[in-house]
Amino acid sequence: MNLIKMYKHFVVIYMKGKLAYHFALVFELIANTIQIGVYFAGFMVIFHNFESIAGWSEYEVLFMFTTSWLAYSFSCFFFWSPMKDMGELIRSGKFDLYLTRPISPLMYMVLSQFQYTFIPRLVLSIIFWAYSMNKLSIDWNPRNIAFYSINMLSAFVIFSAITIFTGTISFWTVKSEEIVSLLTNNNHGLKNYTDYPITIYSKGVQFILIAIIPYAFTGYYPVASLLGKELTFPIFAFLSPIIALIAAVGAYLFWHYGLRHYGSAGS
Amino acid sequence: MRKYIDYMKIGIKEHMVYSSSIWATFLSKIVYLYMQFALWNALFASNAEKNLALNHEETIRYIIVATVLSTIMECNVIGWINSEIQTGNIANQLIRPMDFRTMIFSKHFGTTLIKTVLYCIPLCVVTGVAFHKPIVCDGQLGFGFVSIILAFIIQFLYSLIIGLMAFWLIVTWPLNMLLAAIYKLLSGSWIPVAMFPDLLGKINAFLPFRAIYSIPVTIITTPMSQENILRNLIVQIVWIVILYIVMTVTWRIGKKKLIVQGG
């Protein structure tokens, strides 16, 4: 309860700061909307030329990647900006300040920002998600709803864990922005691989997406199972919550290990 | 001349500071290239009987060359000018005994040179080794290089115009972000322009974006008549003239309206 109250205070302060330049804020929101809109436009252009990919129809692909985008947008809402700024915070020494706060630095960083720039992405994802769902005939019985919700939550956890993981690397190399963007950037990063069925990639890349950076579990496996697709290992469709748990624990431990390393190095 | 060469060197050095970021940038290009390659391959494999503007091989060649080209076409000019204005440094830059625009160009040119060495050539080698079939049309490669140089100039003029608008708008990066999205789609760096639906293709014919990627990449990868190549090169030259005029006007207005803050 206390945290929510604190978050509210932080958001109000953060937005007051941003509203000082309201022209830039409005422009930023419009720019974001168009940026995401263009991605969907490009998707439409591709499927204007082609009917399907790897046995998935246009709407099935759309449903899969908006599912994963929804989880991604929520995750980025909290974790993307702090982790992207980690490198800069450590370079400039500002991170030391965070260590003196009465709450944990990660908590402080997450609470003290409000990434309204992800709102357009969230809204557009929801629109296209609803649109694609409308075109598909998925049987929304209680079992499927429960399955889908649990997997959505797992996807949120997996995305957040990967983001925290990449941010934590900053404790060792001060210029980590590129590493963060290599894995999580949605224009040219590895995250982009989740937009299409992973069977289009070679076996080696599929292995990376399953076992090393488990993006395959944020959209592909759960949705494939929901749509009744043929999977090489049907059991994978039910692994997302377990993977999410492992990723979360891993990210937590890694973050604390990094934090200790930073403390001992001094600066 | 010496001073501009020094600025070129600054551009090179600034890019070389962090070796880990060079590696990450290079890797992200490979990640992106492979994704494009897998995506278009799968699309053609699933729709074998479809008759499209470009065939399977042409498309693959197109997206490979477009991605390689993107390593040198990306441009930081807008960001540089924005930060000079936000920090108030711009006042110091303008009283120097040299032309601000030439200075920015020298720095950009230096950055592009180092990018060619660090990313473009290695990526050419990687794709050459990984992709066994011929990628470029040998006979048109000369025209291709000319076209790339013209595209480089168009890209610079375009970025300079947006950057200079910060002289009175103070921040133009949101504007840049907006244009970058449109640019990504319309330039053809992502989806070949030939595959656009009619209406979009027609609108795009009147915009400069396709002159940056689509024209040079098509000249390099698709066999075409000499006449056609020349027509494309003329389109690029016309855009250079138009953008140069717009840039000069923006510069004149900008100098009058410049708001120096901070400092």
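This is a predicted model: local features need pLDDT of at least 70, side-chain atom pairs count only at pLDDT 80 or more; totals for chains, interfaces and linings use all residues.
## A buried helix in chain B

In helix α11(B), the buried residues are B:Ser214, B:Ile215, B:Pro216, B:Val217, B:Thr218, B:Ile219, B:Ile220 and B:Thr221. Here a residue is buried if 20 or more other C-beta atoms lie within 10 Å of its own, exposed if 12 or fewer, and partly exposed in between, with C-beta atoms placed from the backbone. Helices (H or I, at least four residues) and strands (E, at least two) are DSSP runs, numbered from the N terminus.

So that is eight of the eight residues of α11(B) (214-221) buried, and the helix is therefore largely enclosed by the rest of the structure. The cover over those residues includes α3 (56-73), α7 (141-164) and α12 (226-257) of chain B.

Residues are numbered from 1 along each chain as its sequence is written, while chains are lettered from A and ligands numbered from 1 in the order in which they are written.

Chain B has an average pLDDT of 88, and 98% of its residues score at least 70; pLDDT is the predictor's confidence in each residue, from 0 to 100. For the model, ipTM comes out at 0.86 and pTM at 0.87.

## Where A meets B

The contact draws 33 residues from chain A and 32 residues from chain B. Two residues are in contact if their C-beta atoms, placed from the backbone, lie within 7 Å. On the chain A side, α2 (22-49), β1 (52-53) and α8 (177-184) each supply at least two residues, and α2(A) gives the largest share, 14 residues.

That side of chain A splits into 19 nonpolar, ten polar and four charged residues. Ala, Val, Leu, Ile, Met, Phe, Trp, Tyr, Cys and Pro count as nonpolar, Asp, Glu, Lys and Arg as charged, and the others, Gly among them, as polar.

## A helix pair in chain A

From α7(A), A:Ile162, A:Thr163, A:Thr166 and A:Gly167 meet A:Ile179, A:Val180, A:Leu183 and A:Thr184 of α8(A). This contact has four nonpolar, four polar and no charged residues.

## One residue at a helix end

B:Thr87 sits in α4(B) (residues 77-87). B:Thr87 is partly exposed, because 13 other C-beta atoms lie within 10 Å. B:Gln36 is 51 residues away along the chain, and the two C-alpha atoms are separated by 39 Å.
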